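Open your viewer and get the selection tool ready. We will start with the whole chain and then pick out a few spots one by one.

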Amino acid sequence: MSKIPPTTGMRSFSRLLRVAPAPSWADVIAFMLLAGAAVLVIRGAEGMSEPLARLRIAPVTLDPWNLPGYALRTTLRMFAALGASLVFTFIVATLAARSRRAEMVIVPALDILQSVPILGFLTFTVTFFMGLFPGEQFGVELAAIFAIFTSQAWNMAFSFYQSLRSVPADLEEVTRGFGLSPWRRFLRLELPFATPALVWNAMMSMSGGWFFVVASEAISVGNTQIMLPGIGSWLALAIERQDFRAVGWAVGAMAVVILLYDQLVFRPVVAWADRFRFEQTASQDAPRSWAYDLFRRTRLLPVLFAPLTGLGRLLMAIDTRAARRPARRDDARRGRIGRGLWLVLVAITSLAAAWLVVGYVARNLAWGDALLAFGSGMVTMLRVLLLIAVASLIWVPIGVWIGLRPRWAERLQPVAQFLAAFPANVLFPFAVIAIVRWHLNVDIWLSPLMVLGTQWYILFNVIAGASAIPNDLREAAGMFGVKRWQWWRRLIIPGIFPYYVTGALTASGGSWNASIVAEAVSWGHEHLEATGLGSYIARATAAGDYPRVTLGIAVMSIFVIGFNRLLWRPLYAYADRRLRLG
């Protein structure tokens, strides 16, 4: 058996050194950023795994030195919820877009889940997660993360579903011509096409999570009252103690956190996602990000992430399935029969669930309670309709202007995120003080609080739609002198309409959800309630009255589903049929 000469080993080692790239200054800075982020994540995760009894030993205080740690814990919860929302979106929205049978179940289910208020989820999930991890803080953390998830996931799922339904027909023909399998089609066409809009909606969902962060961290359901360390609990405590200075500290901490994750996470992702815009000419003003440019200049990071890249290529190589064969007449007949049977099964299941809810409510409440809940729902519905109309008139032109100017979008992105993330709870003290001092009508002047956190769904979706309009179409409109109303009617409205419908649908559902917070507000010992379904559910939740909570959630679900089916779904169908640019 021959031995390898020492000189051969030295030559191999020196060859490896020559192949491996030398680190640059970009590698050093990127390593420091990633290492710092990893340390913060580990530090925050350690606090989430402590015993539940520690929350009573070391409760939330208004000491400013604790605020950075609270901000870290809140940020980790929100990013954990955002990650879960992405996984949920990829699975559920793709199923709904590809399968007619799945769509018949998933889309109505998303309508219902979007309409269920976050307090409704907390009413039932806190006990469930605490039962999974008895005596541990991790169970309450999961309940808080799940509550934030419910304020993020539905918007992202609707956006991704709408994007998959809007893939241009010519690109679909190309994938069929090349015989791509469903998995390859998803990776090569659908995911890249939907990425720009998904990124903007992920930013909106992240900002929308701040709106409900107080309810997620300062949990109060019946006799269960837990305050997790976080900015939301800080705000709840500051509002209870009427401490304007502490509220200011919380708003400042939020501004710093939003600026940091905008610069280090979302702005680089927006710059990266610009490569997936569907157009035939180059973009004139591509979005920029110093962090994205920094990571692109690194030499060692591609080597470190090479195993993940190789794994993706391996999965692509393993997937050798061909595209589906063309459907035949027998297949179509069997498909119609299968869809009919599936529809019958869905209808039976829905009726059974409705029967259980009606039976549970009927055993504990009277018909007068049902009439009161429906009357309150009508009042809240009128508020939602009026507020969505006003928000659309304001934010659609602004969103189009921003979306068509990437450099301005880059400048205004952190401002829009901060405004979208600004929790309405901070404005409750001013609303309560003004209403009490000037004896204003509570039913009128509490209404704007409902749309403060949800109007941004319209803005962000319109920005995504305007930025997705192909540059060649914009250039053609300029060459042919298309201006003013004709420019809106022929180019802008067809381009943004599907995105606007997604934003308005989500804003509508979010406004219903926000009514729980906005129709019943407090500042110290002052408590004001507006007539509506939101205040009805808030009272029942605070009292631990589960039958009235169930009735309120059921009524809200009926209103939201009917609203979506009678207005937003027909608009979706109209957008697919008449207003697709592809």
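Begin with everything selected: of the 582 residues of the chain, 49% count as buried, where buried means under 20% relative accessible area, exposed over 50%, and partly exposed in between (1.4 Å probe, protein chains only). A note before zooming in: this is a predicted model, in which local features need pLDDT of at least 70 and side-chain atom pairs count only at pLDDT 80 or more, while totals for chains, interfaces and linings use all residues. Residues are numbered from 1 along each chain as its sequence is written, and side-chain values use heavy atoms, with hydrogens and water left out.

**The whole chain**

Switch to a cartoon and you will find 27 helices and 4 strands; these are DSSP runs numbered from the N terminus, helices being H or I with at least four residues and strands E with at least two. Now show a surface: the accessible area is about 29400 Å², and carbon and sulfur atoms hold 68% of it (Shrake-Rupley method, 1.4 Å probe; for residues, only the protein chains shown count as cover). Among contacts (heavy atoms within 4.5 Å) with a separation of 6 or more, 82% join residues 24 or more positions apart.

**A bent helix**

Next, select residues 484-518, which form helix α25. Where does α25 bend? Look at I493, where the bend is about 50°, with the proline P494 following within four residues; the bend is the angle between axes fitted to the seven residues ending there and the seven starting there. The end C-alpha atoms of α25 are only 38 Å apart, short of the 51 Å that a straight helix would reach, taking 1.5 Å times one less than its number of residues. Colour by accessibility and α25 turns out mostly covered, with 27 of its 35 residues buried.

**Salt bridges**

The structure holds 11 salt bridges, each a side-chain nitrogen of Lys or Arg within 4 Å of a carboxyl oxygen of Asp or Glu.

- Select R548 and D369, whose side chains meet at 3.0 Å, N to O. R548 lies in α27 and D369 in α18, so this pair ties together parts that are 179 residues apart in sequence. R548 is partly exposed at 28%, whereas D369 is buried at 14%.
- Move to R539 and E529, bridged at 2.8 Å, N to O. The pair links helix α26 to strand β4.
- Then try R267 and D262, a salt bridge at 3.5 Å, N to O; both residues are buried.

Finish by selecting R73, R77, E141 and E217, which are linked in a network of salt bridges.
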